[in-house]
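Please examine the structure shown below before reading on. This briefing is written for a reader who is new to describing proteins.

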Amino acid sequence: QTNANCTGVDTLKSYDYIVIGTGAGGIPIADRLSEAGHSVLLLEKGPPSSGRWNGTMKPAWLQGTNLTRFDVPGLFNQIWADPTGVSCEDVGVMSGCVLGGGQAVNSALWWKPHPRDWDLNFPAGWKSTDMAKDTDKVFQRIPGTYIPSKDGKLYHQEGFDRVGKGLEAAGFKNVIPNDVPDQKNLTYGHSTFFIENAERQGVLRTYLESASKRSNFALWTNTNAKRVIRTGGHVTGVELECTKGGAVGPGKSGIVSVTAGTGRVIVAGGTFGSAKLLFRSGIGPTDQLNVIKSSSDGATMISSDQWINLPVGYNLDDHVGTDIQIAHPDIVFYDFYAAWNSPIQADADSYLKNRSGMLAQVAPNLGPIFWTMFNGTDGIVRHMQWQARIEGRTPNTMTITQYLGNGATSRGRMDITPQLNTRVVTPPYLRNASDKAAVIQGIDYIRGVLSGVPNLSWVVPTASQNTTTWVNSIPTNPSSRGSNHWTGSCTLGTDDGRKGGNAVVDLDTKVYGTDNLFVVDASIFPGMTTGNPSAAIIIASEHAAERILTLKANTSATT
Ligand SMILES: Cc1cc2nc3c(=O)[nH]c(=O)nc-3n(C[C@H](O)[C@H](O)[C@H](O)COP(=O)(O)OP(=O)(O)OC[C@H]3O[C@@H](n4cnc5c(N)ncnc54)[C@H](O)[C@@H]3O)c2cc1C
């Protein structure tokens with residue numbers, strides 16, 4: 001690739017760490033490694049997002065400000081109206097391919113994990129007690145708020161109030177969720193967001209800011225890591241390609257090296273991106289590596305005697321999302337979609353002048369959020385998070401998504417196509433009777449709870465529909481059940497995947513069979529969190545940084 005926006009790398013320069021991907025996993029660890037004095041190169045295949053980082057995507061009413069669609073909470077659902085140039089083109093499900101990854105495009109929901117999110121899913125060394133210090137560090141930097149508007153008001157709370165009263169009447173306790181992260185049964189509260197000054201905060205406004213102040217830190221956007229260059233289990237560099245030329249460049253191409261002997265590569269491309277990079281680097285199940293071999297990559301792919309056979313792509317997970325809809329005459333729909341082209345002038349003014357009002361709240365007006373736990377038919381307790389938002393079939397409708405997460409046992413698989421696109425080949429939803437029974441039990445229970453709310457009517461399912469029949473009628477594929485909370489694919493564990501186990505990375509997040517290649521993002525999670533996962537991923541990134549920094553220089557591949 002040679003054009004003005006695609007320059008070759010300086011082949012004489014090397015980095016102690018190359019971090020691939022700028023999502024919840026990549027940015028925090030890049031900050032921590034550079035803080036420790038190492039030279040760090042952070043790579044992102046997509047363009048800048050937030051105005052703070054020279055992003056440019058914005059509606060007319062934001063022209064002349066340093067804000068983009070990624071900064072203004074009231075525009076967060078624009079990803080669903082117009083994902084072009086934002087969502088990853090090579091991933092079969094919605095995901096952010098911009099600076100910040102999912103952290104730049106998501107709804108900014110921000111939950112301190114329930115202790116069981118670590119204790120049930122993770123091995124020794126990654127239990128809730130091990131993660132306590134990392135949790136404190138993350139929540140000190142990114143406290144979150146449930147009142148995004150700077151005037152201290154919450155707007156259009158009719159839905160919250162009506163449903164909240166119904167929950168209280170049924171014995172639910174109103175809590176400030178992140179004050180009591182271990183109370184996730186019969187509790188409810190407002191949504192908590194990583195928003196500060198009524199703008200998206202999170203990793204882009206904290207970890208990336210501190211990293212970028214250091215002279216030993218570099219960030220290259222519009223630059224895709226094609227594969228790692230390795231000899232056996234030792235990585236010497238990363239091959240780059242410019243993905244986005246044109247006005248948003250410049251990107252880089254060529255091979256960038258890690259410091260000879262001691263340099264390391266951290267893959268943080270997300271559940272799909274990290275798996276793809278490993279496949280292209282000759283790491284994964286043989287069927288996937290054969291797909292790469294037969295693709296346009298084939299001619300340059302590492303030879304098959306160097307392949308590392310690991311179960312990359314398996315153990316795929318996501319919250320099982322099941323949407324119910326209720327209507328209430330008091331519920332008021334606010335058209336956040338219209339706010340792109342023609343915002344209500346008073347609301348735009350209030351936001352721009354005072355960072356207050358409806359557009360300071362995350363679209364489409366989320367909350368209440370409530371939690372239940374059920375004993376599964378297999379003896380495993382399952383957590384459910386119920387997430388309400390004001391949109392649905394009528395202007396008085398609220399959709400409530402039941403997220404089945406921690407405790408669910410179904411898993412799926414992602415793979416790669418000959419065109420080098422990743423996709424969900426086996427959806428992870430409700431693949432066994434206990435997971436399905438839990439979903440049905442939960443919906444039945446909440447139908448009972450909300451039937452006590454005066455004037456509430458049922459839209460989906462209708463009042464006369466049988467819950468089991470209705471749940472069974474919903475397809476178990478990503479478009480019907482997907483929650484955008486993908487984890488798995490490069491699972492962390494002690495059971496070495498080369499020897500028949502499920503793990504792709506060890507307890508230091510190092511890829512089995514390598515001595516200086518690591519994965520740090522959602523893909524290493526062995527199982528699902530209770531709530532939306534980004535805080536847990538950032539906590540895991542902090543934890544991985546500590547472990548990697550204390551690891552001795554690369555000597556031999558994990559045996
Ligand atoms: C629409 C949506 C809404 C969501 N809402 C919430 C929410 O409200 N709260 C919450 O907690 N979670 C939410 N999530 C989930 C959350 O955003 C993700 O779980 C989280 O961002 C995953 O972090 P990650 O680091 O694993 O990957 P990502 O955040 O996906 O980051 C991976 C990054 O790596 C880049 N990349 C990939 N491959 C390469 C490569 N080869 N070379 C260079 N760069 C590469 C990608 O472009 C991307 O920027 C949402 C997700 C989506 C898509």
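The points below treat the domains, a sheet, the ligand shell and a pair of helices in turn. The model is predicted. The domain assignment gives the protein chain two domains, domain 1 and domain 2. Among the other features described are an open sheet of 5 strands and a ligand surrounded by 39 residues.

**Domains**

- The distance between the C-alpha centres of domain 1 and domain 2 is 30 Å.
- Where the domains meet, 23 residues of domain 1 are in contact with 35 residues of domain 2.
- On the side of domain 1 that touches domain 2, there are 12 nonpolar, 9 polar and 2 charged residues.

**The open sheet**

- In general, the strands of a sheet pair through backbone hydrogen bonds, in either a parallel or an antiparallel manner.
- Here, 5 strands are arranged in the order 9-4-3-13-21, and their pairing is parallel.
- Strand 9 (217-220) and strand 21 (517-519) are the edge strands, each pairing on one side only.
- From one strand to the next, the twist averages 15°.
- Within this order, strand 3 (residues 17-20) pairs with strand 4 (residues 40-43) in the parallel sense over 4 bridges.
- Val19 has Leu42, in strand 4, as its bridge partner.

**The shell around the ligand**

- Of the 39 residues that surround the ligand, the closest are Gly21, Gly23, Gly101, Gly102 and Gly273.
- At least two residues of the shell are supplied by each of helix 3 (102-105), strand 10 (223-231), helix 8 (270-280) and helix 14 (534-550).
- Divided by class, the shell contains 15 nonpolar, 21 polar and 3 charged residues.

**Helix 5 and helix 14**

- Helix 14, which contributes to the ligand shell, also meets helix 5 (residues 128-141), and the axes of these two helices come within 9 Å.
- The two axes cross at roughly 115°, and the crossing of helix 5 and helix 14 is right-handed.
- Which residues make the contact? Helix 5 provides Met131, Asp134, Thr135, Lys137 and Val138, while helix 14 provides Ala535, Ile538, Ile539, Glu542 and His543.
- The residues of this contact comprise 5 nonpolar, 2 polar and 3 charged.

How values were computed:
Residues numbered from 1 in each chain as written. Predicted model: local features only at pLDDT ≥ 70, side-chain atom pairs only at ≥ 80, totals over all residues. Domains from an automatic or database assignment. Contact = placed C-beta atoms within 7 Å. Nonpolar A, V, L, I, M, F, W, Y, C, P; charged D, E, K, R; others polar. Pairing = 2+ DSSP bridges. Axes fitted to C-alpha atoms, helices over the stretch in contact; angles between N-to-C directions. Near = placed C-beta within 6 Å. Left-handed = near helix turned anticlockwise from the far one by under 90°.
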